[in-house]
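Here's a quick tour for anyone opening this model for the first time. Have a look at the sequence and the fold, then read on.

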Amino acid sequence: MITLKTPAQSAKMREAGLVVAEMLEACRAATHPGVTTAELDRIAADVLRRHGAKSSFLGYHGYPATICTSVNDEIVHGIPSPKRKLREGDIVGIDAGAIVDGWHADAAITVPVGRVSGAVADLMRVTEEALRAGIAKAVIGNRIGDIGTAVQEVAERSGYSVVRNYVGHGIGRAMHEDPQIPNYRPVRGQPNPPISEGLCIAIEPMVNIGGPGTRTLDDGWTVVTADQSISAHFEHSLACTPAGPVVLTAPVGAAVPA
Ligand code: MF3
Ligand code: CO
């Protein structure tokens, strides 16, 4: 069931989104060779505490941390660990969600650790561009499938593949609501609802240098590429309004992602 949000409700989600943006920026600033992913988790938790907000992730189906940190061939849902020291040339996906007054926001960035190869920098650039292209299609009167079509086009014209086993989602009083937001063209027989005023969604392309296949590690969470190719992930939560998409997780002052 899709629940549409009133402007007052999406304003509450914007409050959560500002906290998420601050978590991500604090983690980005702390990302250097030698830092552990557990340290990033603590930095994000400190931001939540300062705002009196809660993590959307901690305890979700038993998830054990505040954020997800996914390094190199890890696509999503990597668990922060004091044993995982980031190294020059790595990339790390940082995924954060916050709850303010019962309302969720969810976003992710992928950050280079020191200097990275040109190939990996290009993957990050294209994945963020794919997110922007998807957001631009989150317009009333379009359908959800228009978002995935745009994301897939951007990724594939650079020779990359989009992950199909994980998708974006509606968001609101729960982190995961209907509808699903695939990062690929509509598939016959799968729902492709219209985009209505008040729809709030998280768009989150996961883009691989190699093939789209995925595998889950024995920790039960960490999703990696089946072919061990490098993967990038960017995500924003947004509200669909008559004035166009409003990015709820953009940093303060920004109406759309930079
Ligand atoms: N941010 C992820 C998403 O977009 C959720 C993380 S899974 C969790 O769906 F278990 F860590 F919460
Ligand atoms: Co999400």
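Predicted model: local features only at pLDDT ≥ 70, side-chain atom pairs only at ≥ 80, totals over all residues.

Residues are numbered from 1 along each chain as its sequence is written, chains are lettered from A and ligands numbered from 1 in the order in which they are written, and side-chain values use heavy atoms, with hydrogens and water left out.

**The ligand and its pocket**

- Start with ligand 1, which has 13 residues around it (a residue counts as near if one of its heavy atoms lies within 4 Å).
- The closest of these are Phe-57, Asp-95, Asp-106, His-176 and Glu-204.
- His-176 also makes a polar contact (a pair of N or O atoms within 3.5 Å; within protein, one must be able to donate a hydrogen and the other to accept it, and residues adjacent in sequence count only if both atoms are side-chain atoms): an N or O atom of its side chain is 2.5 Å from an oxygen atom of ligand 1.
- For His-169, the distance from a side-chain N or O atom to an oxygen atom of ligand 1 is 3.2 Å.
- Glu-235 has a polar side-chain atom 3.3 Å from an oxygen atom of ligand 1.
- On its own, ligand 1 has 330 Å² of accessible area, and the protein covers 96% of that (areas come from the Shrake-Rupley method with a 1.4 Å probe; for residues, only the protein chains shown count as cover).
- The largest pocket is the space that ligand 1 takes (on a 1 Å grid over the protein atoms alone, a pocket is an open set of points where a 1.4 Å probe fits, with protein on both sides within 12 Å along at least five of seven lines; a cavity is a set the probe cannot get out of, and lining residues have an atom within 4 Å of a point).
- A molecule sits in a pocket or cavity if more than half of its atoms lie within 2 Å of its grid points.

**Salt bridges**

- How many salt bridges are there? The count comes to 11, where a salt bridge is a side-chain nitrogen of Lys or Arg within 4 Å of a carboxyl oxygen of Asp or Glu.
- One of them pairs Asp-101 with Lys-12, with the closest N and O atoms 2.6 Å apart.
- That pair links distant parts of the chain, 89 residues apart: Asp-101 is in the loop between β4 (91-100) and β5 (103-112), and Lys-12 is in helix α1 (residues 7-30). Helices (H or I, at least four residues) and strands (E, at least two) are DSSP runs, numbered from the N terminus.
- Asp-101 is exposed at 55% relative accessible area, while Lys-12 is partly exposed at 24% (buried is under 20%, exposed over 50%, partly exposed in between, with a 1.4 Å probe and protein chains only).
- Asp-122 and Arg-125 form another salt bridge, with 2.6 Å between the closest N and O atoms. They sit 3 residues apart in helix α3 (residues 118-136), so about one helical turn separates them.
- Asp-122 is partly exposed at 23%, and so is Arg-125 at 45%.
- Arg-125 also bridges to Glu-129, where the closest N and O atoms are 3.4 Å apart. Both lie in helix α3, 4 residues apart, or about one turn of the helix.
- Salt bridges with shared partners join Asp-122, Arg-125, Glu-129 and Arg-157 into one network.

- Most residues other than glycine have a negative phi, and most peptide bonds are trans.
- His-77 is not a glycine, yet it has a positive phi of about 65°. You'll find His-77 in the loop between β3 (74-76) and β4, partly exposed at 26%.
- Gln-228, also not a glycine, has a positive phi of about 65°. Gln-228 is in the loop between β12 (223-225) and β13 (231-233), and it is exposed at 60%.
- The peptide bond joining Asp-178 and Pro-179 is cis, with omega about 0°. Pro-179 belongs to strand β8 (residues 177-181).

**Where the chain meets itself**

- Pro-33 lies in the loop between α1 and α2 (37-51) and is partly exposed at 43%.
- Thr-66 is in the loop between β1 (54-55) and β2 (68-71), and it is buried at 8%. From Thr-66 to Ala-45, C-alpha to C-alpha, it's 6.2 Å in space and 21 residues in sequence.
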